[in-house]
Structures are given as C-alpha cells and as structure tokens.
Amino acid sequence: MPFNVDPENVAAELQLEIIEMQCSTHLKQLFLNYTKLDFYRALPKAEFPKIIAQAQKIMAMFASSYVCEKTFSTMKLRKNSIRNRLTDEHLFALLKVASLQMEPAFENIMEDQKQFHNMSQTPTMVEPLNKS
C-alpha cells in the first residue's frame, strides 16, 4: 500500500519515489480504481523504476508459488492409492501436460481436417479395363 506507508519506514532507495507517488492525486485515484497489477503497469517507468521493479519481484513470487501449489495438487490427485502403479516417468509426463499453459489452435486444426476430408471425397479416375 504505497499511499499508506510512512516513507521513513521504506528502504532508502525507494523513499523518494514513494514521496513523489504520495504527492500525486492522479496516481492515488489510479490506485483506488484499478487492480493492483494494472496500477503498477500504468506507472510511468521513467519516474518510478525502483517501485516498479519491487512490485514485479513481489508479483513474481505469488505467481511462481501459485504454479507450485497447483502442480502439487495435480500430483496429489494423479498419484493416489488407486493409481499407485504410476512410475516417476508417467507422473512427470502427467504433470508436464497439466502445467502447460498453451491453448490449442482449434481453427487451424479444423481447417486442416476440412482439407483432408475434402481430399478423401474427391473421385479418382479409374481407367477402364481393356477387353481384348
């Protein structure tokens, strides 16, 4: 909460930026009306480089711990008393797939499928047999 903190209780390298931020009514309005992530994205990088860097470090901690917690939960669901024969290799593959954050390109897949389907319905020319 950069607007509620006493600048004297902040690290020395952040004090001037905190004071400058607290003096800006525009930034205070942004802080109240935006999500915290959007607020720090909207800060001018030239004026608040140290505060932005500090915010990025803190946000990265939460994001990485979320991924770890999600992965452990997935592992716990996958490897239980019923599925106790999973090898480490199988579990690794399951966790790898579960933790990927990729979206399939459904439009491209469907277009490729349509082209393949059209090709299979094209009649082929069969030469008549010679009856000689």
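Mentor: Let us begin with a term: rings of Phe, Tyr and Trp (its six-membered ring) pair if their centres lie within 6.5 Å, and planes under 30 degrees apart count as stacked, over 60 as edge-to-face and the rest as tilted. With that rule, ring pairs link Phe3, Phe31, Phe39 and Tyr40 into a cluster. Please keep in mind that this is a predicted model, in which local features need pLDDT of at least 70 and side-chain atom pairs count only at pLDDT 80 or more, while totals for chains, interfaces and linings use all residues. Residues are numbered from 1 along each chain as its sequence is written, and side-chain values use heavy atoms, with hydrogens and water left out.

Trainee: Okay, and how many aromatic pairs does a search of the whole structure find?
Mentor: The search finds four aromatic pairs. One of them joins Phe3 and Phe39, which are edge-to-face, with 6.2 Å from centre to centre and 65 degrees between the planes. This pair links distant parts of the chain, since Phe3 is in the segment before H1 and Phe39 is in helix H3, 36 residues apart. Another pair is made by Phe31 and Phe39, whose ring centres are 5.1 Å apart and whose planes are at 85 degrees, so this pair is edge-to-face.

Trainee: Is Phe39 buried or exposed?
Mentor: Phe39 is buried, with a relative accessible area of 0%; buried means under 20% relative accessible area, exposed means over 50%, and partly exposed is in between, using a 1.4 Å probe and protein chains only. Phe31 is buried at 6%, and Phe3 counts as buried at 13% relative accessibility.

Trainee: What lies over the face of Phe31?
Mentor: Lys36 does, at 4.1 Å from the ring centre. A charge sits over a ring if NZ of Lys or CZ of Arg is within 6 Å of the ring centre and within 35 degrees of the ring normal.

Trainee: Switching topic, what does the secondary structure come to?
Mentor: It comes to six helices and zero strands, where helices (H or I, at least four residues) and strands (E, at least two) are DSSP runs numbered from the N terminus. Of the 132 residues in the protein, buried residues make up 17%.

Trainee: And which residues have the most contacts inside the largest nonpolar core?
Mentor: They are Met21, Leu27, Phe39, Leu43, Phe48 and Ile51, in a core of 15 residues. A nonpolar core is a set of buried Ala, Val, Leu, Ile, Met, Phe, Trp, Tyr and Cys residues joined through side-chain atoms within 4.5 Å. The elements that give two or more residues to this core are helix H1 (12-22), helix H2 (25-33), helix H3 (36-42) and helix H4 (49-78).

Trainee: Pick Leu27, then: what is it in contact with?
Mentor: Leaving aside neighbours within four places in sequence, Leu27 is in contact with Phe3, Met21, Phe39, Leu43 and Phe48, where contact means heavy atoms within 4.5 Å. Leu27 is found in helix H2 and is buried, with a relative accessible area of 7%.

Trainee: What about charges, how many salt bridges does the structure hold?
Mentor: The structure holds one salt bridge, which is defined as a side-chain nitrogen of Lys or Arg within 4 Å of a carboxyl oxygen of Asp or Glu. Arg41 forms it with Asp38, and the closest N and O atoms are 3.6 Å apart. Both residues lie in helix H3, three residues apart, which is about one turn of the helix. Arg41 counts as exposed at 59% relative accessibility, whereas Asp38 counts as partly exposed at 33%.

Trainee: So where does Glu17 lie, and what is the nearest side chain of opposite charge?
Mentor: Glu17 lies in helix H1 and counts as buried at 9% relative accessibility. It has no salt bridge, and the nearest side chain of opposite charge, Lys50, is 5.3 Å away; here Lys and Arg count as positive and Asp and Glu as negative, while His and the chain ends are not counted.

Trainee: Then what does Glu17 touch?
Mentor: Not counting residues up to four places away in sequence, Glu17 touches Glu47, Phe48, Pro49, Lys50 and Ile51. Glu17 and Ile51 are 34 residues apart in sequence, and their C-alpha atoms are 7.0 Å apart in space.
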